[in-house]
Amino acid sequence: GVINSAIPFLMYAIAALWLPAGYSAILNATTPLMGALIGFSCFNERLDRRKWLGVVLGVIGISLITTTGEVSAGGHLLPGVLACLFATACYGLAGFLTRSWITHRGGLDAKLVAFGSQLGASLFLLPFFAYQLAAGPAVDWAVPTAWASVLAVGVVCTALAYLLYFRLIADIGPLRSLTVTFLIPPFGILWGALVLGETLSQGFVLGGLVVCLSVWLVTSQASTPAVQAQAQPQDPDAR
């Protein structure tokens with residue numbers, strides 16, 4: 001819960017102080033890229049030339065996003081990008097830990113995993129919440145739209161989503177499960193443009209496309225020629 005939810009959520013909240021929502025959405029798509037690097041470094045996962053090309057392209061794409069950022073970020077573009085990348089590294093690590101601690105030990109119901117992870121994340125973030133209440137500005141608790149947003153993000157976009165996510169890890173593995181982050185950039189950019197009035201530079205769009213290409217290279221399987229199975233003589237007794 002701490003690695004897969006609490007720390008990433010905290011990092012994205014920090015990044016949101018400086019970065020437009022579209023930036024965080026694109027950088028979140030680097031999660032499979034981070035997962036590939038962490039799997040290679042810590043979990044004996046193999047990276048072929050195709051995946052290494054994806055890693056290199058991912059670094060280039062992130063560099064394009066960072067160096068062509070909007071000047072309105074006020075000099076905090078790089079810290080915001082690093083916060084997002086730290087969050088995606090946590091996602092990648094958590095996927096392999098879930099496979100090692102749960103799937104390879106006989107499995108565990110996805111509802112239990114999702115509940116336990118969110119409980120752990122909530123307990124970890126509770127001191128930050130208490131500090132913000134004590135040191136931050138006064139909070140108006142009677143704002144229905146704010147409560148609706150909290151419930152939408154917490155229940156629909158997190159609790160229910162993790163029920164599906166942990167089931168995916170058990171069924172298809174961590175690296176392929178992390179490809180669900182492909183859905184985040186188009187929606188993040190769309191909501192940022194429609195709701196927040198954000199605009200994106202050409203350099204950012206180019207960097208985002210390079211990142212998407214790199215993640216596709218990392219997660220896709222190279223096509224291999226079909227092997228024709230040789231016919232085996234049938235055993236009459238097998239009938």
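Predicted model: local features only at pLDDT ≥ 70, side-chain atom pairs only at ≥ 80, totals over all residues.
Colleague: How many helices and strands does the protein have?

Modeller: Helices are DSSP runs of H or I with at least four residues, strands are E runs of at least two, and both are numbered from the N terminus. This protein has 10 helices and zero strands. Along the sequence, the pattern reads α-α-α-α-α-α-α-α-α-α.

Colleague: Which residues of α1 are buried?

Modeller: Buried means under 20% relative accessible area, exposed means over 50%, and partly exposed lies in between (1.4 Å probe, protein chains only). In α1 the buried residues are Asn4, Ser5, Ala6, Ile7, Pro8, Met11, Tyr12 and Ala15. Their cover includes α2, α5, α6 and α7. Across the 239 residues of the protein, 37% count as buried.

Colleague: What does Asn4 touch?

Modeller: A contact means heavy atoms within 4.5 Å. Asn4 sits in helix α1. Asn4 counts as buried because its relative accessibility is 5%. Leaving out residues up to four places away in sequence, Asn4 touches Tyr91, Ala94, Tyr162, Tyr165 and Phe166. Tyr162, Tyr165 and Phe166 also form one aromatic cluster.

Colleague: How many aromatic pairs are found in the whole structure?

Modeller: Rings of Phe, Tyr and Trp (its six-membered ring) pair if their centres lie within 6.5 Å; planes under 30 degrees apart are stacked, over 60 edge-to-face, and the rest tilted. The search finds seven pairs. One of them joins Phe43 and Phe96, stacked at 5.1 Å centre to centre with 15° between the planes. Phe43 lies in the loop between α3 and α4 and Phe96 in helix α5, so the pair ties together parts 53 residues apart in sequence. Phe96 is buried, at 1% relative accessible area.

Colleague: Where is Leu17?

Modeller: Leu17 is in the loop between α1 and α2. Leu17 is exposed, because its relative accessible area is 65%. The C-alpha atoms of Leu17 and Gly80 are 8.0 Å apart, although 63 residues separate them along the chain.

Colleague: Which residues make the nonpolar surface patch?

Modeller: Like charges are joined within 9 Å, and nonpolar side chains (Val, Leu, Ile, Met, Phe, Trp, Tyr) within 5 Å. Areas come from the Shrake-Rupley method with a 1.4 Å probe; for residues, only the protein chains shown count as cover. Here Phe115, Leu119, Leu123, Leu126, Phe129, Leu133, Val139, Trp141, Trp147 and Val150 make a patch of about 1000 Å². Helices α6 and α7 each give two or more residues. The most come from α6, with six. Leu119 is in α6 and counts as partly exposed, at 43% relative accessibility.

Note on methods. Residues numbered from 1 in each chain as written. Heavy atoms only, no water. Patch = residues over 30% accessible without salt bridge, like charges linked within 9 Å, V, L, I, M, F, W, Y side chains within 5 Å. Salt bridge = Lys/Arg side-chain N within 4 Å of Asp/Glu carboxyl O.
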